[in-house]
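Please look at the chain shown below, together with its sequence. The questions that follow go through a few of its residues one by one.

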Amino acid sequence: MNKRVFLTGAGGFVGHHTLEHIFKTTDWDVVISDSFRHRGVTDRITSIKSWEENKHRVHLITHDLTVPFSDVMIKDMGHIDYIISMASDSHVDRSITDPAPFIMNNVALVVNMLELARKIKPEVFLHVSTDEVYGPAPKGYAHKEWDTILPSNPYSGSKAAQEAACISYWRTFDVPVVITNTMNIIGERQDPEKFIPKIMYCLEKDVPMTIHGTPDNIGSRFYLHARNQADALVFILKNLPATHYPNSDRPDKYHIVGEKEINNLEMAQLVAKYWGKELNFIFEDFHTTRPGHDLRYALDGKKLADAGWVAPMALERSLELTVEWTKAHPEWLWRD
(Lines give C-alpha, C1' and ligand atoms only; values in the text may rest on other atoms or scores of the structure.)
Protein backbone atom coordinates (compact mmCIF):
# COMPACT_ATOMS: atom_id res chain seq x y z
CA MET A 1 0.00 0.00 0.00
CA ASN A 2 1.41 3.39 -1.00
CA LYS A 3 2.22 5.94 1.66
CA ARG A 4 -0.21 8.87 1.88
CA VAL A 5 0.99 12.37 2.72
CA PHE A 6 -1.11 15.38 3.67
CA LEU A 7 0.46 18.59 2.28
CA THR A 8 -0.94 21.95 3.36
CA GLY A 9 -0.57 25.14 1.32
CA ALA A 10 -0.33 23.20 -1.94
CA GLY A 11 -1.45 26.20 -4.00
CA GLY A 12 1.38 28.30 -2.63
CA PHE A 13 4.77 28.82 -4.20
CA VAL A 14 6.72 26.34 -2.08
CA GLY A 15 3.75 24.00 -1.71
CA HIS A 16 3.24 23.36 -5.42
CA HIS A 17 6.97 22.71 -5.92
CA THR A 18 6.80 20.22 -3.06
CA LEU A 19 3.83 18.51 -4.69
CA GLU A 20 5.71 18.32 -8.00
CA HIS A 21 8.74 16.81 -6.26
CA ILE A 22 6.58 14.20 -4.53
CA PHE A 23 5.20 13.25 -7.94
CA LYS A 24 8.70 12.95 -9.37
CA THR A 25 10.49 11.09 -6.58
CA THR A 26 7.87 8.95 -4.81
CA ASP A 27 4.84 6.76 -5.42
CA TRP A 28 2.97 8.39 -2.53
CA ASP A 29 -0.65 9.42 -2.75
CA VAL A 30 -1.21 13.03 -1.71
CA VAL A 31 -3.98 14.82 0.13
CA ILE A 32 -3.54 18.53 -0.52
CA SER A 33 -5.24 21.52 1.04
CA ASP A 34 -5.38 25.25 0.46
CA SER A 35 -7.86 27.94 1.41
CA PHE A 36 -7.10 29.89 -1.79
CA ARG A 37 -7.78 33.08 0.16
CA HIS A 38 -4.18 34.15 0.82
CA ARG A 39 -1.50 33.69 -1.85
CA GLY A 40 -2.36 30.17 -3.03
CA VAL A 41 -3.77 29.74 -6.54
CA THR A 42 -4.97 26.69 -8.42
CA ASP A 43 -2.95 27.80 -11.47
CA ARG A 44 0.25 26.76 -9.73
CA ILE A 45 -1.05 23.24 -9.12
CA THR A 46 -2.39 22.70 -12.63
CA SER A 47 0.80 24.21 -14.14
CA ILE A 48 2.89 21.34 -12.76
CA LYS A 49 4.30 19.55 -15.81
CA SER A 50 3.26 16.12 -14.61
CA TRP A 51 -0.14 17.20 -13.26
CA GLU A 52 -2.30 15.36 -15.80
CA GLU A 53 -0.49 12.06 -15.38
CA ASN A 54 -0.44 12.28 -11.57
CA LYS A 55 -3.69 13.98 -10.60
CA HIS A 56 -5.25 10.57 -9.90
CA ARG A 57 -2.88 10.41 -6.91
CA VAL A 58 -4.29 13.64 -5.45
CA HIS A 59 -7.24 14.33 -3.17
CA LEU A 60 -7.88 18.09 -2.84
CA ILE A 61 -9.48 19.68 0.21
CA THR A 62 -10.37 23.38 -0.05
CA HIS A 63 -10.25 24.39 3.58
CA ASP A 64 -9.39 27.35 5.78
CA LEU A 65 -6.94 25.83 8.27
CA THR A 66 -7.87 28.39 10.93
CA VAL A 67 -11.10 26.38 11.21
CA PRO A 68 -10.89 22.91 12.83
CA PHE A 69 -11.35 19.80 10.69
CA SER A 70 -14.75 18.19 11.06
CA ASP A 71 -15.11 14.44 11.61
CA VAL A 72 -16.62 14.17 8.12
CA MET A 73 -13.55 15.82 6.57
CA ILE A 74 -11.21 13.59 8.53
CA LYS A 75 -13.05 10.48 7.39
CA ASP A 76 -13.07 11.74 3.80
CA MET A 77 -9.30 12.29 3.66
CA GLY A 78 -8.65 8.69 4.74
CA HIS A 79 -5.48 7.23 6.23
CA ILE A 80 -2.48 9.60 6.44
CA ASP A 81 1.11 8.44 7.04
CA TYR A 82 2.85 11.82 6.87
CA ILE A 83 1.79 15.42 7.41
CA ILE A 84 3.79 18.26 5.86
CA SER A 85 2.59 21.38 7.70
CA MET A 86 3.67 24.08 5.26
CA ALA A 87 0.81 26.58 4.96
CA SER A 88 1.46 29.98 6.53
CA ASP A 89 1.09 33.61 5.69
CA SER A 90 4.70 34.55 5.02
CA HIS A 91 5.32 38.16 4.05
CA VAL A 92 7.23 40.31 6.52
CA ASP A 93 6.00 43.67 5.20
CA ARG A 94 2.34 42.64 5.47
CA SER A 95 2.92 41.28 8.98
CA ILE A 96 4.22 44.71 10.01
CA THR A 97 1.37 46.59 8.32
CA ASP A 98 -1.36 44.45 9.94
CA PRO A 99 0.23 42.24 12.60
CA ALA A 100 -2.66 40.95 14.73
CA PRO A 101 -4.63 38.97 12.09
CA PHE A 102 -1.35 37.79 10.57
CA ILE A 103 -0.16 36.25 13.84
CA MET A 104 -3.58 34.85 14.77
CA ASN A 105 -3.90 33.21 11.36
CA ASN A 106 -0.53 31.46 11.57
CA VAL A 107 -0.98 30.30 15.15
CA ALA A 108 -4.55 29.08 14.65
CA LEU A 109 -3.72 27.05 11.56
CA VAL A 110 -0.84 25.15 13.15
CA VAL A 111 -2.87 24.40 16.28
CA ASN A 112 -5.66 22.97 14.12
CA MET A 113 -3.11 20.87 12.23
CA LEU A 114 -1.70 19.57 15.52
CA GLU A 115 -5.20 18.75 16.70
CA LEU A 116 -5.75 16.84 13.48
CA ALA A 117 -2.51 14.93 14.09
CA ARG A 118 -3.70 14.00 17.59
CA LYS A 119 -6.71 12.31 16.01
CA ILE A 120 -5.24 10.62 12.92
CA LYS A 121 -1.82 9.73 14.43
CA PRO A 122 0.58 10.03 11.45
CA GLU A 123 4.08 8.57 11.49
CA VAL A 124 5.59 12.07 11.14
CA PHE A 125 4.26 15.61 11.56
CA LEU A 126 6.82 17.59 9.55
CA HIS A 127 6.54 21.29 10.36
CA VAL A 128 8.16 23.74 7.94
CA SER A 129 9.58 26.78 9.72
CA THR A 130 12.03 29.53 8.81
CA ASP A 131 15.53 30.81 9.57
CA GLU A 132 13.91 34.07 10.68
CA VAL A 133 12.81 32.67 14.07
CA TYR A 134 16.41 33.04 15.27
CA GLY A 135 16.60 36.71 14.37
CA PRO A 136 19.67 38.21 12.68
CA ALA A 137 22.85 36.14 12.50
CA PRO A 138 26.04 37.94 13.53
CA LYS A 139 28.66 38.25 10.81
CA GLY A 140 30.56 35.00 10.41
CA TYR A 141 28.09 32.93 12.46
CA ALA A 142 25.49 30.41 11.30
CA HIS A 143 22.67 29.50 13.69
CA LYS A 144 22.58 25.88 14.82
CA GLU A 145 19.50 23.82 15.65
CA TRP A 146 18.11 24.87 19.03
CA ASP A 147 19.91 28.19 19.18
CA THR A 148 17.94 30.89 21.01
CA ILE A 149 14.69 31.87 19.29
CA LEU A 150 14.66 35.67 19.00
CA PRO A 151 12.24 36.83 16.27
CA SER A 152 12.41 40.41 15.02
CA ASN A 153 8.99 41.00 13.44
CA PRO A 154 5.40 39.70 13.62
CA TYR A 155 5.96 37.17 10.82
CA SER A 156 8.96 35.54 12.48
CA GLY A 157 7.17 35.84 15.83
CA SER A 158 4.24 33.87 14.42
CA LYS A 159 6.60 31.18 13.12
CA ALA A 160 8.31 30.99 16.52
CA ALA A 161 4.88 30.56 18.11
CA GLN A 162 4.15 27.73 15.67
CA GLU A 163 7.35 25.97 16.70
CA ALA A 164 6.47 26.37 20.38
CA ALA A 165 3.03 24.85 19.78
CA CYS A 166 4.59 21.92 17.91
CA ILE A 167 7.07 21.25 20.70
CA SER A 168 4.32 21.33 23.34
CA TYR A 169 2.14 18.87 21.38
CA TRP A 170 5.19 16.64 20.87
CA ARG A 171 5.83 16.40 24.59
CA THR A 172 2.28 16.47 25.96
CA PHE A 173 0.42 14.44 23.32
CA ASP A 174 3.24 12.49 21.62
CA VAL A 175 2.55 14.05 18.23
CA PRO A 176 5.58 12.86 16.17
CA VAL A 177 6.88 16.33 15.34
CA VAL A 178 9.94 17.06 13.22
CA ILE A 179 10.78 20.74 12.62
CA THR A 180 12.73 22.13 9.67
CA ASN A 181 14.11 25.64 9.35
CA THR A 182 14.71 26.83 5.82
CA MET A 183 16.57 29.65 4.12
CA ASN A 184 15.28 32.01 1.42
CA ILE A 185 13.52 30.10 -1.34
CA ILE A 186 13.64 30.84 -5.07
CA GLY A 187 11.89 29.26 -8.04
CA GLU A 188 9.26 29.48 -10.73
CA ARG A 189 5.82 31.00 -10.02
CA GLN A 190 6.98 32.83 -6.89
CA ASP A 191 4.73 35.57 -5.57
CA PRO A 192 5.58 38.98 -7.09
CA GLU A 193 6.02 40.52 -3.64
CA LYS A 194 9.18 38.46 -3.04
CA PHE A 195 12.74 39.64 -3.71
CA ILE A 196 13.69 37.65 -6.84
CA PRO A 197 10.44 38.35 -8.74
CA LYS A 198 10.75 42.02 -7.79
CA ILE A 199 14.20 42.11 -9.41
CA MET A 200 12.85 40.51 -12.59
CA TYR A 201 9.89 42.90 -12.62
CA CYS A 202 12.23 45.90 -12.40
CA LEU A 203 14.39 44.52 -15.19
CA GLU A 204 11.36 43.89 -17.40
CA LYS A 205 9.89 47.37 -16.75
CA ASP A 206 13.24 49.23 -16.78
CA VAL A 207 12.74 50.72 -13.30
CA PRO A 208 15.33 50.90 -10.49
CA MET A 209 15.50 48.01 -8.03
CA THR A 210 15.74 48.99 -4.38
CA ILE A 211 18.60 47.33 -2.50
CA HIS A 212 18.22 47.74 1.24
CA GLY A 213 21.46 48.70 2.93
CA THR A 214 24.47 50.84 2.16
CA PRO A 215 27.43 50.05 -0.11
CA ASP A 216 29.48 48.87 2.86
CA ASN A 217 26.63 47.15 4.73
CA ILE A 218 24.41 45.08 2.40
CA GLY A 219 22.06 42.39 3.66
CA SER A 220 22.83 38.77 2.76
CA ARG A 221 21.05 35.42 2.61
CA PHE A 222 21.60 31.76 1.72
CA TYR A 223 19.21 30.97 -1.15
CA LEU A 224 17.96 27.60 -2.39
CA HIS A 225 15.45 26.48 -4.98
CA ALA A 226 12.06 25.28 -3.74
CA ARG A 227 12.70 21.85 -5.27
CA ASN A 228 15.90 21.56 -3.20
CA GLN A 229 13.87 22.22 -0.08
CA ALA A 230 11.26 19.70 -1.22
CA ASP A 231 14.01 17.14 -1.77
CA ALA A 232 15.17 17.64 1.82
CA LEU A 233 11.62 17.23 3.15
CA VAL A 234 11.14 13.96 1.25
CA PHE A 235 14.58 12.80 2.42
CA ILE A 236 13.61 13.42 6.05
CA LEU A 237 10.30 11.58 5.70
CA LYS A 238 11.96 8.59 4.04
CA ASN A 239 15.05 8.34 6.24
CA LEU A 240 14.70 10.14 9.57
CA PRO A 241 11.78 8.91 11.71
CA ALA A 242 10.54 11.15 14.49
CA THR A 243 11.85 10.72 18.01
CA HIS A 244 9.51 10.58 20.99
CA TYR A 245 9.49 11.92 24.53
CA PRO A 246 11.05 10.85 26.92
CA ASN A 247 13.68 9.27 24.63
CA SER A 248 14.74 12.86 23.94
CA ASP A 249 13.99 16.15 25.67
CA ARG A 250 13.02 17.79 22.39
CA PRO A 251 11.78 16.81 18.92
CA ASP A 252 14.10 16.49 15.92
CA LYS A 253 15.05 19.70 14.15
CA TYR A 254 16.92 20.08 10.85
CA HIS A 255 18.23 23.10 8.97
CA ILE A 256 17.78 23.07 5.19
CA VAL A 257 20.50 25.36 3.88
CA GLY A 258 21.59 26.86 0.58
CA GLU A 259 25.14 26.21 -0.57
CA LYS A 260 26.63 29.69 -0.17
CA GLU A 261 25.96 33.14 1.22
CA ILE A 262 25.28 35.93 -1.26
CA ASN A 263 24.44 39.55 -0.57
CA ASN A 264 21.35 41.20 -1.97
CA LEU A 265 23.18 43.26 -4.58
CA GLU A 266 25.14 40.24 -5.81
CA MET A 267 21.89 38.30 -6.14
CA ALA A 268 20.23 41.12 -8.06
CA GLN A 269 23.23 41.34 -10.38
CA LEU A 270 23.12 37.59 -11.00
CA VAL A 271 19.43 37.79 -11.91
CA ALA A 272 20.20 40.68 -14.25
CA LYS A 273 22.99 38.68 -15.89
CA TYR A 274 20.62 35.80 -16.66
CA TRP A 275 17.87 38.22 -17.73
CA GLY A 276 20.29 39.84 -20.17
CA LYS A 277 20.05 43.43 -18.90
CA GLU A 278 22.15 45.81 -16.84
CA LEU A 279 20.82 46.22 -13.29
CA ASN A 280 19.58 49.69 -12.40
CA PHE A 281 19.44 49.97 -8.61
CA ILE A 282 19.31 52.36 -5.69
CA PHE A 283 20.31 51.85 -2.07
CA GLU A 284 17.91 52.57 0.78
CA ASP A 285 19.06 52.68 4.37
CA PHE A 286 18.07 49.36 5.91
CA HIS A 287 17.30 50.31 9.49
CA THR A 288 15.16 53.39 8.89
CA THR A 289 13.13 52.02 5.95
CA ARG A 290 12.57 48.46 7.12
CA PRO A 291 11.90 48.23 10.87
CA GLY A 292 11.66 44.63 12.02
CA HIS A 293 13.75 43.27 9.14
CA ASP A 294 17.05 41.50 9.65
CA LEU A 295 20.19 42.31 7.72
CA ARG A 296 21.64 38.79 7.65
CA TYR A 297 20.36 35.22 8.11
CA ALA A 298 22.54 32.14 8.23
CA LEU A 299 21.90 28.53 9.26
CA ASP A 300 24.30 25.68 9.92
CA GLY A 301 23.23 22.73 7.73
CA LYS A 302 25.76 20.19 9.04
CA LYS A 303 23.22 18.01 10.86
CA LEU A 304 21.17 17.23 7.77
CA ALA A 305 24.28 16.91 5.60
CA ASP A 306 25.76 14.42 8.07
CA ALA A 307 22.53 12.41 7.78
CA GLY A 308 23.24 12.07 4.05
CA TRP A 309 21.22 14.81 2.34
CA VAL A 310 22.79 16.56 -0.65
CA ALA A 311 20.95 19.31 -2.56
CA PRO A 312 20.24 18.08 -6.12
CA MET A 313 20.85 21.39 -7.92
CA ALA A 314 23.44 24.16 -7.52
CA LEU A 315 22.24 27.68 -6.71
CA GLU A 316 23.39 29.47 -9.85
CA ARG A 317 22.01 26.81 -12.19
CA SER A 318 18.66 26.79 -10.40
CA LEU A 319 18.57 30.60 -10.52
CA GLU A 320 19.39 30.60 -14.24
CA LEU A 321 16.56 28.14 -14.94
CA THR A 322 14.15 30.19 -12.82
CA VAL A 323 14.99 33.38 -14.71
CA GLU A 324 14.69 31.63 -18.09
CA TRP A 325 11.30 30.20 -17.17
CA THR A 326 9.98 33.51 -15.82
CA LYS A 327 11.18 35.42 -18.86
CA ALA A 328 9.09 33.03 -20.95
CA HIS A 329 6.11 33.41 -18.57
CA PRO A 330 6.15 37.12 -17.56
CA GLU A 331 2.49 37.03 -16.53
CA TRP A 332 3.65 35.66 -13.15
CA LEU A 333 5.51 38.91 -12.43
CA TRP A 334 2.44 41.13 -12.07
CA ARG A 335 -0.18 38.95 -10.51
CA ASP A 336 -2.04 40.47 -7.55
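**Buried and exposed residues and their partners**

Trp-170 is buried, its relative accessible area being 1% (buried means under 20%, exposed over 50% and partly exposed in between, with a 1.4 Å probe and protein chains only). The model is predicted, so local features need pLDDT of at least 70 and side-chain atom pairs count only at pLDDT 80 or more, while totals for chains, interfaces and linings use all residues. Residues are numbered from 1 along each chain as its sequence is written, and side-chain values use heavy atoms, with hydrogens and water left out.

Q: How many aromatic pairs does the structure hold, and which kind of pair do Trp-170 and Tyr-245 form, stacked or edge-to-face?
A: The structure holds seven aromatic pairs, where rings of Phe, Tyr and Trp (its six-membered ring) pair if their centres lie within 6.5 Å, and planes under 30 degrees apart count as stacked, over 60 as edge-to-face and the rest as tilted. Trp-170 belongs to helix H7 (residues 154–173) and Tyr-245 to the loop between helix H9 (226–239) and E11, so the pair links distant parts of the chain, 75 residues apart (helices, H or I of at least four residues, and strands, E of at least two, are DSSP runs numbered from the N terminus). Because the ring centres of Trp-170 and Tyr-245 are 5.9 Å apart and the planes stand at 75°, the pair is edge-to-face.

Q: Is Lys-253 buried or exposed, and which residue's side chain makes a polar contact of 2.6 Å with the side chain of Lys-253?
A: Lys-253 sits in strand E11 (residues 252–256) and, with a relative accessible area of 1%, is buried. A polar contact (a pair of N or O atoms within 3.5 Å; within protein, one must be able to donate a hydrogen and the other to accept it, and residues adjacent in sequence count only if both atoms are side-chain atoms) joins the side chain of Lys-253 to that of Tyr-134 at 2.9 Å. The side chain of Lys-253 also makes a polar contact, at 2.6 Å, with the side chain of Asn-181.

Q: How many salt bridges does the structure hold?
A: A salt bridge is a side-chain nitrogen of Lys or Arg within 4 Å of a carboxyl oxygen of Asp or Glu. One network of salt bridges links Asp-89, Arg-94 and Glu-193. The number of salt bridges in the structure is 14.

Q: How many residues apart in sequence are the parts that Glu-123 and Lys-3 tie together?
A: Glu-123 and Lys-3 form a salt bridge whose closest N and O atoms are 2.6 Å apart. Because Glu-123 lies in the loop between helix H6 (99–120) and strand E5 (124–130), and Lys-3 in the segment before strand E1 (4–8), the parts that this pair ties together are apart in sequence by 120 residues.

Q: Which residue forms a salt bridge with Glu-115?
A: Glu-115 counts as partly exposed at 26% relative accessibility. The side chain of Glu-115 meets, in a salt bridge of 3.0 Å from N to O, that of Arg-118.

Q: What is the relative accessible area of Asp-206?
A: Asp-206 forms a salt bridge with Lys-277, with the closest N and O atoms 3.2 Å apart. Asp-206 lies in the loop between H8 and strand E8 (209–214). Asp-206 counts as exposed, because its relative accessible area is 56%.
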